[in-house]
Amino acid sequence: MREGSVSAGPVVYWMSRDQRAQDNWSLLYAQSMAVETKSPLYVVFCLVPRFGAAETRHYDFMIKGLSETESRLRARIIPLQVMAGRPVETLPAYLNDLRAALLVTDFDPLRIKRDWTKAVLGQVSVPVHEVDSHNIVPCRIASQKAEYGAYTLRPKINRLKDNFLTEFPRVRKHPFNTADMLKPVDWEQALRTVKCAASRTQVDWISPGFRAADRMLKDFIRLKLPGYAETRNDPTRDGQSNLSPFLHFGQISAQRVAWEAQQSGAPEPDQEAFLEELIVRRELSDNFCHYHADYDKVSAFPGWARKSLAEHEADPRPYLYPESRLESAETHDELWNAAQKEMMQRGKMHGYMRMYWAKKILEWSEDAEKALSTAIRLNDRYSLDGRDPNGYAGVAWSIGGVHDRAWPSRPIFGKVRYMSEGGARAKFRANLYVRMQEEEKRDSP
Ligand SMILES: Cc1cc2nc3c(=O)[nH]c(=O)nc-3n(C[C@H](O)[C@H](O)[C@H](O)COP(=O)(O)OP(=O)(O)OC[C@H]3O[C@@H](n4cnc5c(N)ncnc54)[C@H](O)[C@@H]3O)c2cc1C
């Protein structure tokens with residue numbers, strides 16, 4: 001990112017996307033550089049008062065996870081410092097005061113982190129090294145261009161996967177830090193600097209942090225991975241791993257999850273189906289956002305989809321809903337309403353329903369531009385795992401044919417793949433799913 005010889009002096013790891021104290025290549029790299037020059041190692045996290053559509057449910061999840069990370073780092077005599085404010089307002093002065101010799105940070109394809117990094121780079125002269133700790137095959141190594149679909153990325157990943165899908169070394173007690181560097185973070189005070197909107201409902205079915213993530217992973221491997229290939233697409237069965245909130249905040253490493261799944265002895269087709277989602281589909285999303293800076297705009301859709309959607313822009317819509325009606329789950333379609341309620345109440349919608357949900361937003365909006373912005377806003381606001389490349393790619397797949405192929409043309413959708421309520425009802429017990437969301441609503445505080 002910024003090369004230059006690294007002199008002896010403190011190494012700072014600016015943790016952002018990968019908020020964990022183990023199985024973290026950025027931290028391991030920062031530590032190895034500090035050990036090489038016999039220097040202290042510091043970890044900093046910049047806590048911004050607002051982050052896109054994130055609300056208190058997201059900040060709570062993140063901050064509780066970070067507080068566990070702080071304890072784990074402490075056990076390795078590595079301090080974590082939380083700095084309130086935008087990185088460009090806090091990091092440069094901190095690096096100068098410390099006379100830091102190197103800044104290490106997490107790779108992140110989203111614009112907000114790219115802009116932060118660029119602004120910080122403009123203010124500091126230390127070398128800055130970026131490490132991709134989120135992907136198994138690092139995004140830039142997997143492919144040097146925007147991929148057309150899973151079918152073009154898959155062979156590239158498969159060629160490289162065995163070099164990267166390994167066990168992790170352990171983070172050591174840092175030999176050049178001292179106990180007096182370990183000032184505890186005042187989490188109450190940190191939370192007071194946050195100015196985001198309060199969530200209407202809190203999420204209580206999932207606990208944040210690495211320990212909870214690890215428990216969820218172990219339960220998934222034991223109970224749900226055998227059978228995953230079949231059950232994951234049925235929204236009435238609890239067949240998915242539910243790991244996406246942890247993966248989003250980097251509280252667990254995708255490489256750890258893939259490694260454990262691969263060692264599990266679960267039937268081959270189930271392992272394959274799971275690793276396809278966790279590695280190929282997830283890394284395809286990072287590829288999409290990294291090579292399309294306009295990942296949340298219609299301009300990132302493939303040409304055939306843009307043309308075809310434009311040709312059908314004037315088609316009459318059977319229903320046209322303002323965003324407020326969608327948000328409050330008041331459409332004529334009880335299946336769609338149930339999906340919206342699932343996302344609002346639980347902070348996570350089933351993967352199959354996410355596709356149906358976004359495609360119906362296209363069907364009921366004036367045009368693709370409006371549909372895209374509505375779907376992104378709602379997903380980012382209510383999903384714990386929102387504001388993630390997977391979300392931008394998933395919505396773009398549903399509404400704009402990204403990573404998909406052209407289908408026979410039909411009203412409104414043009415050549416973008418269509419999903420019908422009848423099709424969904426033929427696939428699973430839709431009435432049961434609707435009842436499940438009603439019951440969830442009755443039970444929520
Ligand atoms: C409209 C739409 C919006 C979406 N929004 C998000 C989002 O905001 N955040 C998010 O993480 N995912 C999103 N997805 C992708 C996918 O639906 C979720 O990752 C998955 O349902 C998360 O649940 P899980 O962890 O239980 O998944 P599992 O089935 O257990 O899969 C394990 C992991 O594989 C990855 N994965 C699974 N399916 C996909 C996929 N289709 N694309 C990319 N990665 C995948 C995720 O990291 C997931 O955690 C979206 C998909 C669509 C169609």
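Hi everyone, let's start with the ligand: 28 residues surround it, and the closest are Q240, S241, G351, G391 and G394. Before I go on, please keep in mind that this is a predicted model.

What kinds of residues make up that shell? By class, the shell around the ligand holds 14 polar residues, seven nonpolar and seven charged. Four helices, α10, α12, α16 (351–363) and α18 (389–400), each supply at least two residues of the shell. The largest share comes from α18, with six residues.

The chain is divided into domain 1 (1–133), domain 2 (135–166 + 210–291) and domain 3 (298–443). Notice that domain 2 is written as two stretches of the chain, 135–166 and 210–291.

The contact takes 18 residues from domain 2 and 20 residues from domain 3. On the domain 2 side, the elements giving two or more residues are α10 (244–248) and α12 (268–291). Which of the elements gives the largest share of that side? That would be α12, with six residues. The domain 2 side divides into eight polar, six nonpolar and four charged residues. If you have the structure open, have a look at α10 and α12 again: both give two or more residues to the side of domain 2 that touches domain 3, and both also supply at least two residues of the shell around the ligand.

Let's move over to domain 1, residues 1–133. Here five strands form an open sheet with parallel pairing, in the order β3-β2-β1-β4-β5. The edges are β3 (80–84) and β5 (128–131); each has a single partner strand, so one side of each is left without a neighbour in the sheet. Ignoring direction, neighbouring strands of this sheet are turned by 25 degrees against each other on average. Which residue of β5 is the bridge partner of V104? It is H129.

Helix α3 lies across β1 (11–15), β2 (41–47), β3 and β4, and runs at about 160 degrees to β2. Helix α3 (residues 87–98) also packs with helix α4 (residues 111–123), at an angle of about 40 degrees and with axes 9 Å apart. The crossing of α3 past α4 is right-handed. From α3, P87, V88, L91 and P92 meet W116, A119, V120 and Q123 of α4.

Terms used. Residues numbered from 1 in each chain as written. Predicted model: local features only at pLDDT ≥ 70, side-chain atom pairs only at ≥ 80, totals over all residues. Domains from an automatic or database assignment. Contact = placed C-beta atoms within 7 Å. Nonpolar A, V, L, I, M, F, W, Y, C, P; charged D, E, K, R; others polar. Near = placed C-beta within 6 Å. Axes fitted to C-alpha atoms, helices over the stretch in contact; angles between N-to-C directions. Left-handed = near helix turned anticlockwise from the far one by under 90°. Pairing = 2+ DSSP bridges.
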